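Biologist: I'd like to learn how to read a structure like this one. Could you walk me through it, one feature at a time?

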Amino acid sequence: MRKRLCSLLLGVGLFPAASYAQVESVDPTIGNIAILLAPTRPTVYLPNSMVRMYPVRPDATADQIQFFPLTISSHRDRELFSIMPGDGSPAAYDEEVTTPYFYSTRFDALGVTTEFTATERCGFFRFRISRDKTPLEIANRMIGNVAIHEGNIVEGEEQFSGMKAYVYGVFSKPVEATADSVGDRQQLHIAAHAGLLEFRYGISFISVEQAKSNLQHEIASQSFEQVRDAAKARWNKTLGRITVEGGTEAQRRVFYTALYRSSERMINISEDGRYYSGFDHMVHTDPRPFYVDNWLWDTYRALEPLQTLLNPQMEADKLQSYVRMYEQGGIMPTFNTVAGPMACMNGNHSAPWFADAYFKGVRNFDLATAYEGVRKRSLDSTLLPWRLGPKSPLDDFYNAHGYMPALRPGEKEIYPQVHPFEKRQPVPVTLGNSFDDWSIAQLARTLGKPEDEALFLKRAGNYKNVFRQDKSMMWPKDESGAWIEPMDPKFSGGMGGRDYYDENNGYTYTWDVGHDYAGLIDLMGGPQKAEANLDQLFREPLGRSQYEFQAKFPDSTSMIGQFSMGNEPSFAIPYLYDRLGAPWKTQARVRTLLETFFTDTLHGIPGDEDGGGMSAFVVFSMMGFYPVTPGIPVYDIASPVFDRITIHLENGKSFVIVAHGASRQNKYVEKIVLNGKPLEQVWFRHSDIAQGGELELTMGDTPNTTLGALPASFPPDSMRVHPEDYR
């Protein structure tokens, strides 16, 4: 649903009224049809909360809904329990309304209108039923049981991923119900009378009794309208942290929808001061909230830096949750779910997250234990993709030689620890862990550990071992140190390039050296040659048909030349012109990417959205700045799409970005003034935001090729500074 309002008074009263509505500008259907892989969902939830609901269907064009989950568990949307008008079969629907806080649709053949709203741990369905004896089904989605008591009370449990979820729900009036089973799953078949039927329920990961307590605390006797209006007010509080003026209506929809999607994860699973931990399978009492469901390979680049900026206190609780996970499970996770650590992707990316938050002033977490966990993950655990556990012989090779070796063409894998589909991914494993080890080195210095600092700084340079000088590209090499040949950096490596790369090809990974762009530029032969290489990235043809390329690289979508907007390792690439003396090219590229690939349509996401990872890139880039190197507390300036952006900070201060004359044509920054002082550099510090102030940009339609052109004005060289120097 899209409502067009000129202004909205925030019900919570914490922030000033925006020039444009926030929650009414959100369109949850944006991206509901995927480019190739996973679509977004029109999900109803409160920020960072346990209950999340969306209609389950193949995609937004499907004319039938299969069911409504009572919540989803975690990564890749595992639905828990379900409710559905009818006999459990998919049903045609019409007149759908989607917002972050409320959902409604009509099933004409059944004579039922279904509505939904949510609190943090509870959901509230309302059914408007036109016929007597209308069927309604509640069911397990996995192994479990559901039962009805006293005519209107529903209790159930469901097993998934080695743990359980529980539900306690209450119908507003008695219903007739029968039960049966399908395998290990139970179903309740309800015959509902004409009129209004409400179903409010609590979810718990502790017990049915706790689910009942959650329901009593969060909904109790409130009406549907009261719960819906409170959810709307909560969203206006969250989205109101950033207010914008100017831009088009479509741009505001894209922006606030991206901010909505950036507010889903991590999930607070604490219930009355307790939580079930999938990391040691115990219930813990803790006055601090416990957060789960994070995919750091996707989120450390943009989502977590955005939340560090907007919600530093919550970010500290999330970081401390990671410390608890390490204490309880013995491994510092990169991916985690409510059920525990998840072996997914590659890297030790909690390290840059800890470093980035710490050097931006988030201190309320146990840094010493966090450091212990990331150090152990780097030195004593396997670096192999999609694996958790002790070191393998390949890890010993990495530690001795400074790179992950690739198999030669036709060579068979001899190590059983290597995932049969995900392969070794030798180049991204080397690059990612180089960044992670750089982050650990910065923390080691902060903690007064000079020997560790020297060790991890040396390991941070490992990326150089896979840079092939004559090709000016990141290239796999075998265990003897020989470059892999024959090797096409556009297309070799099997499915997703995983024999050598991962989801993206060599053109993308050549630039994935977030901690040492200056070193990468030197390897390429200096700024002039590096700029030519970067230009060519956006011009280099696929060298084959698009369908042939996408069949092999389905994650590498929305291409401009060899640049893929559809995957996270690309996010910083368009900003690298700021380090080459040509920031006007960053301004033009970022605007082109936003305008081309992020639209207010069903197709408006250029790849997997990945739990807010891609949406946070949109939020930053539309505001006109981006955290290119997590761990260094500075931001690169690009090209705001709005006339005025106000960030309302948690400390009560505000940071205002004014972009005079910003428009589709006026995408170039002609002049920069920070708090009344002219700047020749195209970057500013996190502390400039945190202290409040104003960044004033004069925009024009012609590039200012001298602004930010001198090396002295480039963003900080991460390998030659310490993050504390830029606080």
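**Reading aromatic pairs and more**

Modeller: Happy to. Let's start with the rings: this structure holds 42 aromatic pairs. Keep in mind that the model is predicted.

Biologist: How is the pair of F255 and F642 arranged, stacked or edge-to-face?

Modeller: Look at the angle between the ring planes; over 60 degrees counts as edge-to-face. For F255 and F642 the planes stand at 80° and the ring centres are 5.4 Å apart, so this pair is edge-to-face.

Biologist: What about W584 and Y668?

Modeller: That aromatic pair is tilted, with 55° between the planes and 6.5 Å centre to centre. W584 is in helix α16 (residues 583–597) and Y668 in strand β32 (residues 668–674), so their pairing ties together parts 84 residues apart in sequence. To judge burial, remember that buried means under 20% relative accessible area. W584 counts as partly exposed at 25% relative accessibility, whereas Y668 is buried at 10%.

Biologist: Which residues do ring pairs link into a cluster?

Modeller: The cluster includes F571, Y575, F598, F617 and F620. Also among its members are F625, Y626, Y635, F655 and F684.

Biologist: And where do charged side chains lie over a ring face?

Modeller: Here you check the distance to the ring centre. R301 lies over the face of W297, at 5.3 Å from the ring centre. K552 is placed over the face of F491, with 4.1 Å to the ring centre.

Biologist: Now a single residue, please. Is N32 buried or exposed?

Modeller: Its relative accessibility is 3%, so N32 counts as buried. N32 lies in the segment before β1 (64–65). To see its surroundings, leave out residues up to four places away in sequence: N32 then touches P39, T40, R41, P42, D59, A60, R261 and L602. With T40 there is a polar contact of 2.8 Å between the side chains.

Biologist: Which residue other than glycine has a positive phi?

Modeller: One of them is K133, whose phi is near 60°. K133 is in the loop between β8 (122–129) and β9 (134–139), and is partly exposed, with a relative accessible area of 47%. H281 also has phi near 60°. H281 sits in the loop between β18 (274–277) and β19 (282–285), and at 48% relative accessibility counts as partly exposed.

Biologist: Finally, how do I read the whole fold?

Modeller: Begin with the elements: the protein has 18 helices and 35 strands. Its radius of gyration is 26 Å, close to the 27 Å that the globule rule gives for 727 residues, so the protein is as compact as a globular protein of that length. Buried residues make up 65% of the 727. As for contacts with a separation of 6 or more, residues 24 or more positions apart account for 69% of them.

Notes
Residues numbered from 1 in each chain as written. Predicted model: local features only at pLDDT ≥ 70, side-chain atom pairs only at ≥ 80, totals over all residues. Heavy atoms only, no water. Helix = DSSP H or I, 4+ residues; strand = E, 2+ residues; numbered from the N terminus. Buried < 20%, exposed > 50% of the residue type's maximum accessible area, 1.4 Å probe, protein only. Contact = heavy atoms within 4.5 Å. Polar contact = N/O pair within 3.5 Å; in protein donor to acceptor, adjacent residues only side chain to side chain. Phe/Tyr/Trp six-rings, centres within 6.5 Å; stacked < 30°, edge-to-face > 60°. Lys NZ or Arg CZ within 6 Å of the ring centre and 35° of its normal. Rg over C-alpha atoms; globule rule 2.2 N^0.38 Å.
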